[in-house]
Each structure stands twice: as C-alpha cells, then as structure tokens.
Amino acid sequence: MLSLSLLLGVNTPLPHLFSLCKDDSSDSDLELSTVRHQPEGLDQLQAQTKFTRKELQSLYRGFKNECPSGLVDEETFKTIYSQFFPQGDATTYAHFLFNAFDTDRNGSIRFEDFVIGLSVLLRGSITEKLNWAFNLYDINKDGYVTKEEMLAIMQSIYDMMGRYTYPCVRDEAPSEHVDKFFQKMDKNRDGVVTIEEFIETCQKDENIMNSMQLFENVI
Amino acid sequence: MAAGVATWLPFARAAAVGWLPLAKKTMPKPPVDKSSRSDEILYVNVSGVRFQTWKNTLDRYPDTLLGSSEKEFFYNEDTQEFFFDRDPEMFRHILNFYRTGKLHYPRHECIQAFDEELAFYGIVPEIIGDCCMEEYRDRKKENQERLAEDTEANEGMDAPLPPDSTSRERLWRAFENPHTSTMALVFYYVTGFFIAVSVIANVVETVPCRPPKGSVNDLPCGEKFGLAFFCMDTACVLIFTFEYLMRLFAAPSRCKFMRSVMSVIDVVAIMPYYIGLVMPENEDVSGAFVTLRVFRVFRIFKFSRHSQGLRILGYTLKSCASELGFLLFSLTMAIIIFATVMFYAEKGTKGSTFTSIPASFWYTIVTMTTLGYGDMVPNTIAGKIFGSICSLSGVLVIALPVPVIVSNFSRIYHQNQRADKMRAQQKVRMARIRMAKKGTTNAFLQYKEDRGIGDGDSTALCVKNKSAFEHQHHHLLHCLEKTTNHEFTDEINYSELCMTESVGFRTSRSTSLSSHQGAQNNSTGCCPRRARRRAAMRLANSTVSVSRGSVQELDTLHFKTTSIPPQTRSSLNAQCVNLKLNCGNPDYTAAIISIPTPPSNTPDESPPLSPVPIPGILRNTRATAYTHDTVKVSSL
C-alpha cells in the first residue's frame, strides 16, 4: 500500500511537465478579482443626493475602506448586515435590503446606489421614505404588495429576532402580523396593497408619521 | 466590533426605516449624539515622528487609549498635537490596527516590547489577526518558557535552606541536589559506585570461568564463585534498600514519590533479591525466579539520577510519544501487509522457510530495517519482487518520524544547555549588581560623612557634583534614618563595630541600657550577640523565603552620645574603642542597621550559619567579595 502510494506520488508531477496550459485558468481567476469601480464625481453625487460635500467625503472614505474594490456583492452585504443582529438570522432580510438598494439589479451595490439610497432614507421627504419602504416590501417590483410578499418580509424580520425572545415567537406571529397590516392598509380588500393605499394609510397614522423623523441625524 | 461594522452602522440604522410602517409599537427615541459630527484630522507625534489620522479612525475602538478621552492627557497645547514618548516603529503597527481593523505582529520585534506597547495603548493582544497570531503565540510561549527557566535557575536549587527546616527537608534536599552538602555528594558517589558494581557483577557472573577440578564443562563464574557474588549482591541491595527507605522517609509527598518513575525503578531493581530470599529452593519456582533476575538489569536505569543526558533522552522520548506511536503503528501495518504477501507468494515453494504468516513477520522486520540476515530468503520471482518493494518502503517508513524525534531532542538539549549557561552567568551578573548596589550605599554614606554625622543643619554642605536625583535620593534615605532613629552603615563598618563590641561589651552587659531598638527585636542587653543575630538571621531568611527583594537586617550597636561633637566614621570607631573602657556611659542605642542588598544576594549576606561550606556559585562569590566577613563572623 505504501509502495502504491509511492508510485502514485511519482506519477502526478509528470502531467504538469507536459501540460503548460494548466496555469492559464489560475491567471484568469486573478484578473477577475481586480475589477474595480470608481464612483461618479463628487459634484454629480452632490447634485443627486441631499448630502453635503463633507458628508459625501466621509461616507466614501468609510465605504472605500470596507470595500476597496468599490462594489459590495450580496454575500458581503449579508455578512455585514448580520453582524448587527448576532442573535438571529438576518440573511433573508439582508437579501431584500440588497435588492432595495441595488436599483439597477446588477448584483452589486456601487457607491452611488449606496449613497442615493441613504439620501432618501435620511434626508428625503416622508413620501419619499414611504416610497422606499414600499419598494422594499414589493419583492418583485411589480407595484403591488401581495400577502405572500408581505409574509416573506415579515418572516425575515422575525427571523432577525432569533430564538431567545420574550415572549417566545410563535409560528403564527408573522402571519398574524401580516393580517393586521393588510387589514389596516388594504382599503379595497382586493388582497394587494398598492402604493397609493400604502401612502394614504401611513399618512393618516400618527405613529408612523412621527417615527419617520427618527433617523434623520444618523449621519 | 470591528472597524468595518462601525462604518456600516449608520447605514443599518437608516435601513430601519423599512420597519417603521410595520411596527406594532412606537419606536424609542434615538440617542442624542453630542459629539461634533464633522470629522477632523488629528496629529499624533510619537517621539518626533508625526502621524496624522482622522478622528473617526481612532474613535472606532473607544476602549483603547487613542479612542477614548484618555488621550487628552497627552495633548500638547502649544503644538496642538498628541505627544507620546514611545517607539514610533511600533506605533505604526498600532495605528494600522485602527485603520484596517487588523493587528499585525512584526516578526523582527521583541515579543515583550510589543506586548508592552499593546498594554500601553490599551489593546488586547487577542485581536491579532490570523495571519500573525500563530507566530505571536509561538514567540510568547517560547519567551514564557525561557522566563520560567530563569526563575527556576534563580530560585536556585543552590540556595541554602532556611535554618529552621526540619531534618527531613534537609535530607530531601540532600538527595535531590547532591552538591548542596558534602555528605550528600559522598552518598551520591557511593550509590553511583555501587550501581556500577552491581551491574558489572550481573554481567560478569554469566561469563564462563574455568571449570573446577573434576569437571569438563565450562561453568559460569556466577556458579563458581557463587558465594562471592551473593555477598556482593547483598551489599548492593542493602545500600539500595537503605537509599530507597531514606528517600521515602524524606519525601515531602510520599504518595507522589512512590508513583514517580525513579522510585518504581528502585523497587524493581531490588525486588528480585528479596523474592529470591523468600522463595524456597523449589525446582519449578526457581525457573520463574531466574526470569526475575533479569529485572536486576534495571539497576542501570538508576544511573539516570546521576546523568543529565540520560534524563534528557528519557524526556525526549516521552515528549515524542506521539511520533513514536505513529512510527510503531505504521511499521506494524506494513509488517502485516508484507508478511501476508510474502507468505502467499512463497506458499507453493518446496522447502520454503515461510511456514506461516507470523513466521514471515520475522522476514519482513529484518528486511524493512535493512538488516537482511539471510536466514529467510524468497525463492519465487513474485516473492523477490515483493521482497524488494518491502525493503524500499521500510527505509521510507523509518526515515519519516526520525527527524521529528531528532529535532525534539535537539530542542530539549539546547534548553538544558541554556539553563546551565544561565546559571554560570548568574554569578557574574549578581556580582555586577552587587557592585552597583554597594556603589549606591557608599555614595549615601559619603554624603553623610560630608554633612557630618548627627543632627546638623539640613543644608547640604560641600557636596560634590551630584545629580538632582542623587540629592533627592539621599535626602530620602536620610529621612528614613530620622524616622527610625537608626543609621545606615556598610558591612565593613558594621563588622568592625561588632568585633569591638563583642570583645569589649560583654562585660558591660549588666549596665542598664536604654535601647531604642527596632520593632523586630525584643531581646535586651547591649550585645546579646548570638540571640539577636540569630533572630535577625531568621528574620532575614524568612524574608528571603517570602520576598526576595527584602532588605537585610543586620545587627550592630550604634553609639550616640549627645555631648560628643559630630565626627567622621573612622573616629566613631575609635569612639567605640574608647567607650568600652568606661562602661558608665549610658547612651547606647542598640540599632538594627539595614543594608539594602540585591534580591538574590540575600542568602549571600547572611553569614553562613550552616556548618557545612556550601559549594557552588554562591560560595565562590562569597569567597571573592567577603572573605574578611566570613572570617570575622566565624570567629565569634
């Protein structure tokens, strides 16, 4: 057995001597990883967002530090977001978030997407924020939020809580929550929530309106 | 949390807007961020090298020095920067940690220096990145082992025992460290000699001697001179038994001693003799008894107490146990495989020596270890092919674990060498430290001499060129003297004083003395020399055992007469001589004079009470530095 392994060991280097093309594939792997993205100019971004120049500079420095290539792919995004919710599983919600930020659906978030999304969330009007939230819930971006979509979103939010909660999260809790939501939002009882219904209902709800101001001064 | 996470937190908070329409309850108020939001560049000056970084970078780790308000203590208003008087090379790595979130360990730096820098900046070493963690751990372990060796060497098996140790402890110590006393050394050599004698006797008694008259066959010497060998064996066993019983008696923990390897070897070495005595001259049993005599060869292992190299070898084998086990296991596997193959290959041949698989084991072992006795040889072609494969693979299998064992042995051997070298260098180091300390004491005494002894005015008179540090240090020592109402002196002075007193003042012991004594001493009288000294010794030595850096207390008498004007030290000695004649002078203060001594020197300072001169390092130094001391003391 030992001798056989010896013979095998002798065998393997030989093909390497004969096939010179073996190394090319590893080179191409290297090339892919050096793809970079440079953002648009500072002035353009300043025009597109409501951030000041200094804020944009600060944001970009942090972004570049974390993602030197200038792009955030979904896996990295999920990892980052999961770090804030150590007790639960934030990957599903992070997936929805990623889709909400990745407006051009190319599988990676560039700095522009990042900063435009942040601008809406932090400096936008209440209508813009509600728009963004609706966009988040609308998984297939068809303009309607169905019960299934809402249920998926709700389940992912409850997943972030994890197992150790008080009181314990029952399995029916997300669907109950969804029913309550639909009861409130779905005015014409057609089983879907449109953007107009959503905004209208939210504007009538004082709690929601007040809480929209909460995250203004995050940056 | 890592730096990256801190950067993304604002984003995560912003994304929470998505939960707001779904919320069942109202949201809590967000925390008010009082700190200035705008980012600014901070300047950090580390020993002249200027570093600049964003404030946010440093704020990432708020529980470190640079990330918290602790750095405000280092802020220099004039230059508007933070100034640290530390190593700029190391600071580079520290700052990189803030920037990238990963702490790297620079391989060319000393591990202790690095640790100190980390401790200063408040960074825990556990966050060293994976790339450097292994190297860091290895170096740290190596350093700790080295330090442990140092402290072991310092603690010194050569240090004399406290005088109040029981005879049992002294005995144990004599056994463990034979060079602590001549008795132990003698015993050590005697046992060594007897082990050698016993082993040689065992060997020689099997050599065939000339047969006695009337017989043709050669007789082994053991039977020819049976009585002589029996007597020799008895003597050896008696010595060994005595030694074992002594060790058992002296051992601090008998159970642990009985379980130790050396004691087991001792027992095994002497058991056959006693069993032989007890057993009757029975034919059947004596056969088994003969086998027992084999165990007598274990006496040779007793030499490992005498040889350090043997101990190292044993320790190496123990530490390579896993490699040896692997070697054994792989060999066994190979043996079984090849033996099976050879057996079936040679099965058909007529007159083949490969009668069974276990019989083939012998062939396989002989071939794999390249011995090749030739008593079993394959005849078929297949057998020869497999035989050659067997010998080739045997070389490989044995060659693989051997370097590991060798490197282990080398490492342990070098460690031992280092320990020995360290011990040898200790005495030089200690002598140097002693000189330095003596220099300090002398400087202080000189300072006092210049000022004049006694309660003179406190202004410094005719002081030589001394640094501010020395001034303050001497003032401090002076304050201590005033506090305790005793004075510092050095050994020469002290021993002189002692000599003069011992001669003169035994007679005046009856006179009443006002003794302002140190707290430790309750005996009265002007010079109850031995008792006080012994007490001081006990004290000194107990402090030695408690804390190595303690100050040694030595006895003397200090004479303070108010009527006599301030004098120099030498004239004070003369004073002593004068005073001894008129014992009516009442003002004697029995003083306990402290001499600061270097830590490991304290055993040195205590004049040897033990009657046996202590060989080894300490003795030499004592001989060179304090010959006059020892002479004087022993004359008491």
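## Chain B: overall make-up

In this predicted model, chain B contains 24 helices and eight strands. Of the 636 residues in chain B, 36% are buried. When the contacts in chain B with a separation of 6 or more are considered, 66% of them are accounted for by residues 24 or more positions apart.

T367(B) belongs to helix α15 of chain B, which covers residues 357–368. Its relative accessible area is 12%, and T367(B) therefore falls under the 20% limit for a buried residue. Once the neighbours within four places in sequence are set aside, the residues in contact with T367(B) are G387(B), C390(B) and S391(B). L392(B) stands 25 residues from T367(B) in sequence, with a C-alpha to C-alpha distance of 9.0 Å.

Two residues of chain B, neither of them glycine, have a positive phi: the value is near 50 degrees for S47(B) and near 60 degrees for Q80(B). S47(B) is placed in the loop between β1 (41–46) and β2 (49–54) of chain B, whereas Q80(B) sits in the loop between β3 (75–76) and β4 (81–84) of that chain. With a relative accessible area of 33%, S47(B) is partly exposed, and Q80(B) is also counted as partly exposed, at 48% relative accessibility.

## Chain A: overall make-up

The secondary structure of chain A consists of 13 helices and four strands, and buried residues amount to 39% of its 219 residues. Among the contacts in chain A that link residues at least 6 apart in sequence, 59% are between residues at least 24 apart.

## Chain A: annotated segments and helix α11

An unreviewed UniProt entry carries the annotation "domain: EF-hand" for residues 89–124, 125–160 and 173–208 of chain A. In the model, residues 89–124 of chain A are 67% helix and 8% strand, with end C-alpha atoms 29 Å apart. For residues 173–208 of chain A the figures are 72% helix and 8% strand, and the C-alpha atoms at the ends are 21 Å apart.

Helix α11 of chain A, made up of the 13 residues 173–185, spans 18 Å from its first C-alpha to its last, which is close to the 18 Å expected at 1.5 Å a residue. The buried residues of α11(A) are A173(A), P174(A), H177(A), V178(A), F181(A), F182(A) and M185(A).

In the loop between α10 and α11 of chain A lies P167(A). The peptide bond that leads from Y166(A) to P167(A) is cis, and its omega is near -10 degrees.

## The interface between chains A and B

How many residues does each chain bring to the contact? Chain A supplies 50 residues and chain B supplies 39 residues. Together, chain A and chain B bury about 3800 Å² between them, and 74% of this area is on carbon and sulfur atoms.

As for specific pairings across the interface, the count of salt bridges between chain A and chain B is zero. Polar contact between chain A and chain B is found for three residue pairs, where both residues have pLDDT of 80 or more.

Note on methods:
Residues are numbered from 1 along each chain as its sequence is written. Chains are lettered from A and ligands numbered from 1 in the order in which they are written. This is a predicted model: local features need pLDDT of at least 70, side-chain atom pairs count only at pLDDT 80 or more; totals for chains, interfaces and linings use all residues. Side-chain values use heavy atoms; hydrogens and water are left out. UniProt positions are given in the numbering used here, feature names are shortened, and annotations may be inferred rather than shown by experiment. Helices (H or I, at least four residues) and strands (E, at least two) are DSSP runs, numbered from the N terminus. The expected span of a helix is 1.5 Å times one less than its number of residues. Buried means under 20% relative accessible area, exposed over 50%, partly exposed in between (1.4 Å probe, protein chains only). Contact means heavy atoms within 4.5 Å. Buried area is the accessible area (1.4 Å probe) that two parts lose on being put together, summed over both. A salt bridge is a side-chain nitrogen of Lys or Arg within 4 Å of a carboxyl oxygen of Asp or Glu. A polar contact is a pair of N or O atoms within 3.5 Å; within protein, one must be able to donate a hydrogen and the other to accept it, and residues adjacent in sequence count only if both atoms are side-chain atoms.
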